[in-house]
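Biologist: I'm new to this one. Could you walk me through how to read it?

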Amino acid sequence: MVSMTTPRTARPGTPLTFTSYVRTRGPVLLRTARSLTANPSDAEDLLQTALTKTYVAWDNIEDHRALDGYVRRALVNTRTSQWRKRRVDEYAVDELPEPDPLPEPDPAEQQAIREAMWQAVRKLPERQRAMVVLRYYEDLSEAATAELLGVSVGTVKSAVSRALAKLREDTDLVAVTRPQVLAA
């Protein structure tokens, strides 16, 4: 059975010294510190800090049989403080982690796209053109478009779908919006 109290290392009647305590219990306490950290070097530093705190309080500790518990509590408290105070390390890198800002669109290019879009929309049959304009330029819902034109919502959906397919196939519009597609 393992005792939870600190064994006496000195002869009876001789007071326990800090040095003799550390010599005797150091390996056991180091195992405890290693269980609290992932790195063995950090465990040694943690134990050193806890033993420093114990040394400072040595004369105030009345029951030296409970020293292991005192040091374990110092280990846990110190590790908790370290965890709470952990800092985020910064590393020098060759490339910034932030993406480059997107370039501002060219106003002339935007105007050319708008003009090509209007030209393509004008080529649509009148009913499809009206539905596309109401849905996408006026931002009306399918139901509102259907009500305004006096047709069913299904009619609006199918007509807009066919109109968008025609716009995707318009070579003049594709040439302006996706010139690399035509080059291939």
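Modeller: Happy to. Let's begin with a term: two residues are in contact when they have heavy atoms within 4.5 Å. Keep in mind that this is a predicted model. With that, look at α2: its buried residues pack against α1 and α3 (67–84).

Biologist: Which residues of α2 are the buried ones?

Modeller: Ala 43, Leu 46, Leu 47, Ala 50, Leu 51, Thr 54 and Ala 57. They sit on the same side of α2, because they cover an arc of only 130° around the axis. Turn to the other side of α2 and you find Gln 48, Tyr 55 and Val 56 exposed.

Biologist: How far apart are the end C-alpha atoms of α2, and what span should I expect?

Modeller: Count 1.5 Å a residue, and the 18 residues of α2 should span 26 Å. The end C-alpha atoms of α2 are 26 Å apart, so the two agree.

Biologist: And what is the overall make-up of the protein? How many helices and strands are there?

Modeller: Nine helices and zero strands. Of the 184 residues in the protein, 25% are buried. For contacts between residues at least 6 apart in sequence, 51% join residues at least 24 apart.

Biologist: Now charges. Why would two side chains pair up?

Modeller: The general idea is that side chains of opposite charge can pair when their charged atoms come close. This structure holds four salt bridges. In one of them, the side chains of Asp 68 and Arg 25 meet at 2.5 Å, N to O. That pair links distant parts of the chain, with Asp 68 in helix α3 and Arg 25 in helix α1, 43 residues apart.

Biologist: Are Asp 68 and Arg 25 buried or exposed?

Modeller: Asp 68 is buried, at a relative accessible area of 0%. Arg 25 counts as buried too, at 14% relative accessibility. Now try Arg 65 and Asp 63, whose side chains meet in a salt bridge at 3.1 Å, N to O. There, Arg 65 counts as exposed at 51%, while Asp 63 is partly exposed at 34%.

Biologist: Which residues are linked in a network of salt bridges?

Modeller: Lys 123, Asp 170 and Asp 172. Lys 123 forms a salt bridge with Asp 172, the closest N and O atoms being 3.1 Å apart. Lys 123 is in the loop between α4 and α5, and Asp 172 is in helix α8 (residues 171–177), 49 residues apart.

Biologist: What about the surface? Which residues make a nonpolar patch there?

Modeller: Trp 118, Tyr 136 and Tyr 137 make one of about 310 Å². Trp 118 has its place in helix α4 (residues 107–122), and it is partly exposed, with a relative accessible area of 34%.

Definitions and conventions:
Residues are numbered from 1 along each chain as its sequence is written. This is a predicted model: local features need pLDDT of at least 70, side-chain atom pairs count only at pLDDT 80 or more; totals for chains, interfaces and linings use all residues. Side-chain values use heavy atoms; hydrogens and water are left out. Helices (H or I, at least four residues) and strands (E, at least two) are DSSP runs, numbered from the N terminus. Buried means under 20% relative accessible area, exposed over 50%, partly exposed in between (1.4 Å probe, protein chains only). Patches are made of residues with over 30% relative accessible area and no salt bridge: like charges are joined within 9 Å, nonpolar side chains (Val, Leu, Ile, Met, Phe, Trp, Tyr) within 5 Å. Accessible areas come from the Shrake-Rupley method with a 1.4 Å probe; for residues, only the protein chains shown count as cover. The expected span of a helix is 1.5 Å times one less than its number of residues. The arc is that of the directions from the helix axis to the C-beta atoms.
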